[in-house]
Amino acid sequence: GDTVGILGGGQLGRMLAMAAAQLGLRSHVYCPDPDSPAFQVASHATCADYDDQRALALFADQVAVATYEFENIPAEAIAYLSTRSHLAPSEMALMTANDRLVEKEFLNAIGVATAPYRAAETRRELAEAADAVGYPCIAKTRRFGYDGKGQARLDGPGDLDAVWNQLGPAQLIVEGVVAFDKEISVVTARTADGRSATFPVSENSHENHILARSVAPARIPDAAARTAADHAQRIAAALDYVGALAVEYFLTADGGVLANEIAPRVHNSFHWTIEGAVTSQFAQHIRAIAGWPLGATDLLGAVEMQNLLGDAALDWLGVLADPTAHLHLYGKGTPRPGRKMGHVTWVRPHTAP
Ligand code: ATP
Ligand code: MG
Ligand code: MG
């Protein structure tokens, strides 16, 4: 068994497969879309729907460990694989992370602060939740949202109808708008026997709710960085987590650290670890799920990563005009506005004192 199974064929799966190959492991990517970026680099491929039990069973038999690269894999497929194969992170970790209400209740139960929130399933409950949380607030679908999809802001009761028409009927969560100073994130990796390693905090900026740029180390007070790392480790321990885990946070002006959401996987805001850290988040995830020793997480310099969104990727020659730029293109076909086509990393090495 030297094959790592990866559910999902996006750029995260692609970079996981590349990391597995570097470590002498084979990858088996399972994804319904034949054009998936991960298929281009995988050792083995299954192109089948997630509800294809025959295909899932074959996949499970062929991999030593199965993992996933996005949290919206249908629950039935995950439940099935967790009985048929060694799944990491666990089904429980995924089910905690892929429902915003379950996620927030879990975080608060273990002492990780979040924005105030309320659940809502009807137009009337939406109004009650917004009242309880206070305006301005943001309504989000509990499941399947990403890149800000399935979200709408409410500045006052006058927005209730439009927001319900846009998002409902659906299971929603209403969150208070956090007046944040900065958005930051942490990736920590944990093994089955409880070893862990945490990367330095990344500082993120979004455009149209899509991650545009990350820099590390984050330019934030030491105390905030410690809290963010501690909370990520607490989350991983509470989930008995195996693999790389990402946590997004809001940093408030008074030094408060509020968890926004967790992702049971590698994360876009840590792509710079490929060139900018001793160990990449992708290699770290593979090492963690394989039960291998974890790598050092130190930075190799001051790093910056920029996503190539939509048409920006067409100017890859322009990117390469800077000889210090590390260019990554994901092999996706057509650039649509906001689509993550690639990224660029710069590492400014630490200079000797
Ligand atoms: P991702 O692509 O990171 O999975 P997502 O669709 O799951 O995104 P969130 O991370 O919940 O969505 O929100 C996207 C962005 O919207 C956040 O990074 C932040 O900039 C803004 N945002 C979300 N919730 C809040 C909030 N409660 N207060 C202030 N800003 C928020
Ligand atoms: Mg999300
Ligand atoms: Mg997010």
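This is a predicted model: local features need pLDDT of at least 70, side-chain atom pairs count only at pLDDT 80 or more; totals for chains, interfaces and linings use all residues.

Trainee: Why does serine 185 count as buried?

Mentor: A residue is buried if 20 or more other C-beta atoms, placed from the backbone, lie within 10 Å of its own, exposed if 12 or fewer, and partly exposed in between. Serine 185 has 27 such neighbours inside 10 Å, so it counts as buried. Its place is in strand β9 (residues 180-190), where strands (E, at least two residues) and helices (H or I, at least four) are DSSP runs numbered from the N terminus.

Trainee: Which residues does serine 185 touch?

Mentor: Leaving out residues up to four places away in sequence, they are Ser202, Asn204, Ala246, Val247, Glu248, Tyr249, His267 and Ser269. Two residues are in contact if their C-beta atoms, placed from the backbone, lie within 7 Å.

Trainee: And what makes tyrosine 80 partly exposed?

Mentor: Tyrosine 80 has 19 C-beta neighbours inside 10 Å, so it counts as partly exposed. This residue belongs to helix α3 (residues 75-84) and touches Gln53 and Leu56, again not counting residues up to four places away in sequence.

Trainee: How do you know that the buried residues of α5 are on the same side?

Mentor: In helix α5 (residues 100-109), the buried ones are Arg100, Glu103, Lys104 and Leu107. They cover an arc of only 95° around the axis, which puts them on the same side of α5; the arc is that of the directions from the helix axis to the C-beta atoms. An α-helix has 3.6 residues a turn, so residues three or four places apart point the same way.

Trainee: What do the buried residues of α5 pack against?

Mentor: Their partners are α4 (91-97), β5 (117-120), β6 (137-141), β8 (172-176) and β14 (257-263). Just after α5, glycine 111 has a positive phi of about 85°.

Trainee: Why is helix α10 called mostly covered?

Mentor: Nine of the 10 residues in α10 (residues 281-290) are buried. The buried residues include Phe282, His285, Arg287 and Ile289. Just after α10 comes glycine 291, with a positive phi of about 80°.

Trainee: What makes β6 and β7 a pair?

Mentor: Two strands pair if DSSP finds at least two bridges between them. β6 and strand β7 (residues 151-154) have four bridges, in the antiparallel sense, with arginine 153 as the bridge partner of isoleucine 138. β6 is also joined to β8 by five bridges, again antiparallel, and there lysine 140 has isoleucine 173 as its partner.

Trainee: Which strands does β15 join?

Mentor: Four bridges link β15 (residues 301-309) to the antiparallel strand β12 (residues 210-216), and nine link β15 to the antiparallel strand β17 (residues 340-349). Valine 215 is partnered by glutamate 304 in β15, while asparagine 307 stands opposite histidine 343 in β17.

Trainee: Which residues come nearest to ligand 1?

Mentor: Aspartate 147 is one of them, together with Tyr146, Glu175, Val177 and Val178, out of 16 residues around ligand 1. A residue is near a molecule or strand if its C-beta atom, placed from the backbone, lies within 6 Å of it.

Trainee: Which domains supply the shell around ligand 1?

Mentor: Domain 2 (116-176) and domain 3 (180-349) each give at least three residues. Domain bounds come from an automatic or database domain assignment.

Technical notes: Residues are numbered from 1 along each chain as its sequence is written. Chains are lettered from A and ligands numbered from 1 in the order in which they are written.
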